[in-house]
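Colleague: Hi! Could you walk me through this structure while I have it open?

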Amino acid sequence: MIPDDSRFESDPVELVEPPVGLPAGWRIGTPDPSDRFDVARLTQLLRAHERAGRGWPGASVDDVLVEVSEPGLRTRENIVVRDAGGEIHAWGSVHDRAGGRMLFVHVVERGLPDDTADACSDVLIDWAVGQAREVGAARGLDVQQIDTGAFEGDERQARWLTGAGFEKVRTWWQMNRPVSPDEASLVPSPDSWEQDGATFRRVRRAGGGLPDEDDLRELHEVLEGAFVDHFNSREETFEEFLHRLREDPGHRWDHWWLAELSDTDTPQPVGALIGTVSESPTGPDGSYVSYLGVLAAARGRGVAKGLLRTIIADAAARGRDRVGLEVDADSSTGAAGLYTSMGWTTKYVTESWHRDVPVQPESGAP
């Protein structure tokens, strides 16, 4: 269930000692989502972080608002470091993603003097550790994981995370596939089609255009089952699942598909794909595969490939020019081979870094 109140501590001063090493007059606080200057500055910082890490920016104001707006604060909290004039130079955000897993965004302005940048990073990490203890205690856990990321080759970020006790645990290929207009006919219809005893269809719509709840629950159950043995999989309630995915700026209900085995008396849901829109300010939009899962009992029957063909055809029909996705480079499932065989190539690489935080620290522990 989504809590009525956040599990986090809303006042960063309660978690962080007076910052050491920051210039005179610099202070910590929280961003104001109603202040367009704060939101614009956070967007600027995040885009600069992306540009330095992979060569180009992609974040938008909407991405920032997911982290700092009032609806987002049910499962998130934020900290910023401001100079004496009030300008933000560093930003941290934590997300109570699922039981035992807390995501952490860590952004420090590029171009700051090394000692100032190091001090900003220390503030963000100390605060995140404090928040991990808060959310872990609220969930009744002994250990709370902090899950953060870095772009491959970002030596500054890797140095900070290593020094703070984080460990690099996974590498992810961020892949992209071009889409051509003729691929709209790749499947008979993205709405519904059949092949080799399997049906691929969009989630049904109920009254008022909202998706059918039974379909959504089946989709959630398929993904929970499909990922149970995958890296860092954590159980997520149906309510948490829907709340989180609906926050995505690219969320569209008509980008969710189910795959069912239709050669049985009762159709059995065995696969699911959740897509989103990747908007582009300068050209055609793209589609993105946020989740693709197939139950173990149905693997080898072309279900994953059928779902991928469906989102490619859907993207082509909408006039889009690409479909993106993320794949675990360290996985033994063979998914990367499927994607490569269907035309996906790696555009850039990211890393997962983890730190396990005891909810009740030993005496003297940071």
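Modeller: Happy to, and let's begin with charge. The chain carries 38 positive and 64 negative side chains, and the centres of those two sets lie 5 Å apart. Keep in mind that this is a predicted model.

Colleague: Thanks. What does the secondary structure come to?

Modeller: Eight helices and 13 strands. With a radius of gyration of 22 Å, close to the 21 Å that the globule rule gives for 366 residues, the chain is as compact as a globular protein of that length.

Colleague: And what box do the C-alpha atoms fill?

Modeller: Roughly 70 × 45 × 40 Å, taken along the principal axes.

Colleague: How much of the chain is buried?

Modeller: Buried residues are 51% of the 366. The chain exposes about 17,000 Å², and carbon and sulfur atoms supply 47% of that area. As for contacts with a separation of 6 or more, 70% of them join residues 24 or more positions apart.

Colleague: Nice. Which residues touch the most other members of the largest nonpolar core?

Modeller: Those are V81, M102, F104, V108, C120, I146 and F166, out of 32 residues in that core. Several elements each supply at least two of its residues, among them β2 (76-82), β4 (101-108), α3 (114-138) and β13 (345-358). The largest share, 11 residues, comes from α3.

Colleague: Let's zoom in on C120. What does it touch?

Modeller: Not counting residues up to four places away in sequence, C120 touches L22, W26, V81, A90, V108 and L112. Apart from this core lies another one of 31 residues, including L261, V270, V303 and A315.

Colleague: Changing topic: I clicked on T276. Where is it found?

Modeller: T276 is in strand β10, residues 268-278. Its relative accessible area is 7%, under the 20% cut-off, so T276 counts as buried.

Colleague: And what is T276 in contact with?

Modeller: Leaving aside neighbours within four places in sequence, T276 is in contact with D248, G250, H251, H255, G286, S287, Y288 and S290.

Colleague: How about H49, buried or exposed?

Modeller: H49 counts as buried, at 9% relative accessibility. H49 is found in helix α1, residues 36-54. With neighbours within four places set aside, its contacts are H106, V107, R110, F151, D154 and Q157.

Colleague: Got it. I'm checking backbone angles too. What is the phi of D196?

Modeller: It is positive, about 50°, although D196 is not a glycine. Most residues other than glycine have a negative phi. D196 lies in the loop between β7 (192-195) and β8 (198-202).

Colleague: Last one, S262. Where is its place?

Modeller: S262 sits in the loop between β9 (251-261) and β10. At 29% relative accessibility, S262 counts as partly exposed, because that value falls between the 20% and 50% cut-offs.

Colleague: Which residues is S262 in contact with?

Modeller: Setting aside neighbours within four places in sequence, S262 is in contact with E194, G197, A198 and T199.

Colleague: And what separates the C-alpha atoms of S262 and L46?

Modeller: They are separated by 46 Å, and the two residues are 216 residues apart along the chain.

Colleague: Great, thanks for the tour!

Technical notes
Residues numbered from 1 in each chain as written. Predicted model: local features only at pLDDT ≥ 70, side-chain atom pairs only at ≥ 80, totals over all residues. Heavy atoms only, no water. Core = buried A, V, L, I, M, F, W, Y, C linked by side-chain atoms within 4.5 Å. Buried < 20%, exposed > 50% of the residue type's maximum accessible area, 1.4 Å probe, protein only. Helix = DSSP H or I, 4+ residues; strand = E, 2+ residues; numbered from the N terminus. Contact = heavy atoms within 4.5 Å. Rg over C-alpha atoms; globule rule 2.2 N^0.38 Å. Areas by Shrake-Rupley, 256 points an atom, 1.4 Å probe, with all protein chains shown as cover. Lys, Arg positive; Asp, Glu negative; His and termini not counted. Charge placed at Lys NZ, Arg CZ, Asp CG, Glu CD.
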